[in-house]
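Colleague: I would like to learn how to read a model like this one. Can we go feature by feature?

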Amino acid sequence: MLTLETPQQLAEALAQHPGLLLLIGGKDCGVCQALKPRIAALLATEFPAMTLAYIDCQASGAVLCGQLGVFSLPVVRVFFHGDSFGELARVFSMADIKNLLERPYSLCFS
């Protein structure tokens, strides 16, 4: 899992990874911390070409979170070839994440 703190790091990650799932959370957000390993496991088993990246809005990634317009946690954003494909915020399930990924993943990595 990549940890991103600056806009430059985000731009580099988007350029280097054709499929990127960005989890935006916080060190004091229990839901965010519980989601990290579950999302990592989902990507490893069902979407292995995806890269997981994390921004901690309650630590060194606070400025980047503000620039991204994130004001509630957790947030999941999905990118394919540098373009934003979808977003889930606040209340969502692992099934929602899987549904968000399935179709574009199959088109990009089949």
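Colleague: Let me start with one side chain. Is Leu43 buried or exposed?

Modeller: First, a caution. This is a predicted model. Now the general idea: burial is judged by relative accessible area, and under 20% means buried. Leu43 has 4% relative accessibility, so Leu43 counts as buried. Leu43 is found in helix α2.

Colleague: Which residues does Leu43 touch, leaving out those up to four places away in sequence?

Modeller: Look for heavy atoms within 4.5 Å. On that basis Leu43 touches Leu21, Pro48, Met50, Thr51, Leu52 and Leu101. Leu43 and Leu23, for example, are 20 residues apart in sequence and 12 Å apart in space, C-alpha to C-alpha.

Colleague: Thr51 is on that list. Where is Thr51 placed?

Modeller: Thr51 is in strand β3. Its relative accessible area is 18%, so Thr51 is buried. Beyond four places in sequence, Thr51 touches Leu2, His17, Gly19, Leu20, Leu21 and Leu43.

Colleague: Which residues of α2 and α4 meet?

Modeller: From α2 come Leu35, Arg38, Ile39, Leu42, Leu43 and Glu46. From α4 come Met94, Ile97, Lys98, Leu101 and Tyr105. Sort the residues of this contact by type, and you get eight nonpolar, no polar and three charged.

Colleague: Let us turn to rings. How many aromatic pairs does the structure hold?

Modeller: It holds four aromatic pairs. Take Phe47 and Tyr105, whose ring centres are 5.1 Å apart with 80 degrees between the planes. An angle over 60 degrees counts as edge-to-face. The pair of Phe47 and Tyr105 is therefore edge-to-face.

Colleague: Where in the chain do Phe47 and Tyr105 lie?

Modeller: Phe47 is in the loop between α2 and β3, and Tyr105 is in helix α4. They are 58 residues apart, so this pair links distant parts of the chain. Both partners are buried: Phe47 has 4% relative accessibility, and Tyr105 has a relative accessible area of 13%.

Colleague: Why is the pair of Tyr105 and Phe109 called tilted?

Modeller: Check the angle again. The planes of Tyr105 and Phe109 stand at 45 degrees, so the pair is tilted. Their centres are 4.9 Å apart. Phe109 itself is partly exposed, at 26% relative accessibility.

Colleague: Which residues form the aromatic cluster?

Modeller: Phe47, Phe80, Phe85, Tyr105 and Phe109 form one cluster.

Colleague: What lies over the face of Tyr54?

Modeller: Here a charge sits over a ring. Lys36 lies over the face of Tyr54, at 4.1 Å from the ring centre.

Colleague: Which residues does a cis peptide bond join?

Modeller: Leu73 and Pro74, with omega at about -10 degrees. Pro74 is found in the loop between α3 and β4.

Colleague: What is the phi of His81?

Modeller: Near 55 degrees, a positive value in a residue other than glycine. His81 lies in the loop between β4 and β5. His81 is exposed, with a relative accessible area of 53%.

Colleague: And what is the phi of Arg90?

Modeller: Near 60 degrees, again positive and in a residue other than glycine. Arg90 lies in the loop between β5 and α4. At 57% relative accessibility, Arg90 counts as exposed.

Colleague: One last residue. Is Cys29 buried or exposed?

Modeller: Cys29 counts as buried, at 13% relative accessibility. Cys29 is found in the loop between β2 and α2. Cys29 touches Gln58 and Leu73, leaving out residues up to four places away in sequence. Phe92 is 63 residues from Cys29 in sequence and 15 Å away in space, C-alpha to C-alpha.

Note on methods. Residues are numbered from 1 along each chain as its sequence is written. This is a predicted model: local features need pLDDT of at least 70, side-chain atom pairs count only at pLDDT 80 or more; totals for chains, interfaces and linings use all residues. Side-chain values use heavy atoms; hydrogens and water are left out. Rings of Phe, Tyr and Trp (its six-membered ring) pair if their centres lie within 6.5 Å; planes under 30 degrees apart count as stacked, over 60 as edge-to-face and the rest as tilted. Helices (H or I, at least four residues) and strands (E, at least two) are DSSP runs, numbered from the N terminus. Buried means under 20% relative accessible area, exposed over 50%, partly exposed in between (1.4 Å probe, protein chains only). A charge sits over a ring if NZ of Lys or CZ of Arg is within 6 Å of the ring centre and within 35 degrees of the ring normal. Ala, Val, Leu, Ile, Met, Phe, Trp, Tyr, Cys and Pro count as nonpolar, Asp, Glu, Lys and Arg as charged, and the others, Gly among them, as polar.
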